[in-house]
Structure formats: structure tokens, C-alpha cells
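Here is a short tour of one protein model, written for someone who likes to know the cut-offs behind each term. Have the viewer open and follow along.

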Amino acid sequence: HCPTTALDTDRDGGRRFDQKRQRVVLIEASLEEGDRHRVAGEADASMGCYRKALTSKDDYLEATLVLSTCLLETDRGREAADLFLALEEVHPDSSRIKNYLGRCLYQAGDVEGAKGRLEAAIEMDPGFSEPYNNLGVLLWEHGELDSALEKLKRAAELAPGDPNVIYNIAM
């Protein structure tokens with residue numbers, strides 16, 4: 001006789017577990033399908049799949065990241081920023097979300113909003129290299145070369161092998 005598990009005795013809980021598991025499988029399938037479309041150069045189809053994953057779990061960071069990347073690649077920074085603005089409301093203390101929101105706001109033309117979010121990300125997590133790199137690029141593109149180099153050097157200290165940081169310093 002096998003030992004009884006909580007899953008065996010809790011039929012309702014088991015069903016909830018199965019529904020949750022099915023939702024995760026559907027989300028993962030949508031993300032994988034989106035990736036296949038993206039590799040094939042089918043931006044609209046890939047974004048549709050990523051949006052489908054987000055409808056299943058609206059604060060799913062991975063789906064938001066890939067969808068926002070597609071939006072940025074198609075010069076739709078405002079739409080990408082809107083995704084992260086919604087996440088920022090739910091997770092106001094996330095340096096990652098502030099960093100990504102800063103990138104999106106910058107592409108959308110909101111330089112001050114971008115700068116504020118990137119500075120907030122740095123303040124929240126001084127060991128996170130990406131916002132230093134992103135802020136360095138923003139400053140460089142706006143003629144603040146000394147400040148830009150300072151931020152890029154800090155990014156390089158934190159992530160010495162990051163090719164994006166190395167490229168940006170070289171520029």
C-alpha cells in the first residue's frame with residue numbers, strides 16, 4: 001500500500017493544482033511559439049503569442065521582457081513602456097523593472113522619465129550593472145560625456161565581461 005499524499009486526499013486542491021499546471025504549460029507554449037515566430041522574422045505573430053502569455057498571467061516578467069524587446073525592435077517604445085508601467089505599480093521596489101522601464105521610456109522619447117527610473121534602479125541595487133550601462137548610454141547621447149564614462153566604468157566593474165558594456169565604453 002502506497003502512502004497517501006495531500007494531493008491524493010484533497011480532490012479540490014488537486015484540481016486547482018492541475019488548472020495551475022495547465023496554465024503554466026499554456027504560457028510556456030505561447031512563449032515558445034512566440035520565439036519561433038521571432039526567429040522567423042514574424043514580429044506581429046511573435047508579439048501576439050507573447051501577449052497571449054501575458055493574458056494568462058499579467059505580471060509575468062519573462063513574457064513582458066520578450067514582448068517589450070519586440071516592441072522596442074519595431075520602434076514602439078511607448079507601448080513597451082506601458083507594459084512596465086503596469087508592472088511598476090505592482091512591484092514598485094523592483095530595480096529590474098525600473099531598469100527596463102527606463103530603457104523603454106528612453107526609446108519612447110521620455111528622457112527625464114528614463115533617467116529617473118535608471119537612477120532609481122541604481123539606488124535600489126547598486127550592484128546591478130545594467131542600469132549603469134543604460135544610464136551611461138543615455139548621458140553619452142545627450143553630451144554628458146564625463147558622467148557617461150563614470151557610469152559605464154561602474155558597469156564594467158560590476159560586469160567585466162559584458163559585451164554591451166565593453167562596446168559602449170569603446171564608443
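## The negative patch

Which helix gives the most to the negative patch? Helix α2 (residues 11-39) does, with three residues. Patch residues have over 30% relative accessible area and no salt bridge, with like charges joined within 9 Å and nonpolar side chains (Val, Leu, Ile, Met, Phe, Trp, Tyr) within 5 Å. A salt bridge here is a side-chain nitrogen of Lys or Arg within 4 Å of a carboxyl oxygen of Asp or Glu.

Glu28 sits in helix α2 and counts as partly exposed because its relative accessibility is 41%. Buried means under 20% relative accessible area, exposed over 50%, and partly exposed in between (1.4 Å probe, protein chains only).

## Ground rules and overall fold

This is a predicted model, in which local features need pLDDT of at least 70 and side-chain atom pairs count only at pLDDT 80 or more, whereas totals for chains, interfaces and linings use all residues. Residues are numbered from 1 along each chain as its sequence is written, and side-chain values use heavy atoms, leaving out hydrogens and water.

The protein chain has ten helices and zero strands. Helices (H or I, at least four residues) and strands (E, at least two) are DSSP runs, numbered from the N terminus. Of the 171 residues in the protein chain, 37% are buried.

## The aromatic pair

How many aromatic pairs does a search of the whole structure find? It finds one. Phe84 and Tyr100 form this tilted pair, with 5.8 Å centre to centre and 35 degrees between the planes. The pair links distant parts of the chain, as Phe84 in helix α5 (residues 77-90) and Tyr100 in helix α6 (residues 95-107) are 16 residues apart. Both Phe84 and Tyr100 are buried.

Rings of Phe, Tyr and Trp (its six-membered ring) pair if their centres lie within 6.5 Å; planes under 30 degrees apart are stacked, over 60 edge-to-face, and the rest tilted.

Val137 belongs to helix α8 (residues 129-141) and counts as buried because its relative accessibility is 19%. Its C-alpha atom is 9.1 Å from that of Ile169, 32 residues apart along the chain.

Trp140, Leu145, Tyr167 and Met171 make a nonpolar surface patch of about 440 Å². Accessible areas come from the Shrake-Rupley method with a 1.4 Å probe, and for residues only the protein chains shown count as cover. Leu145 lies in helix α9 (residues 145-158).
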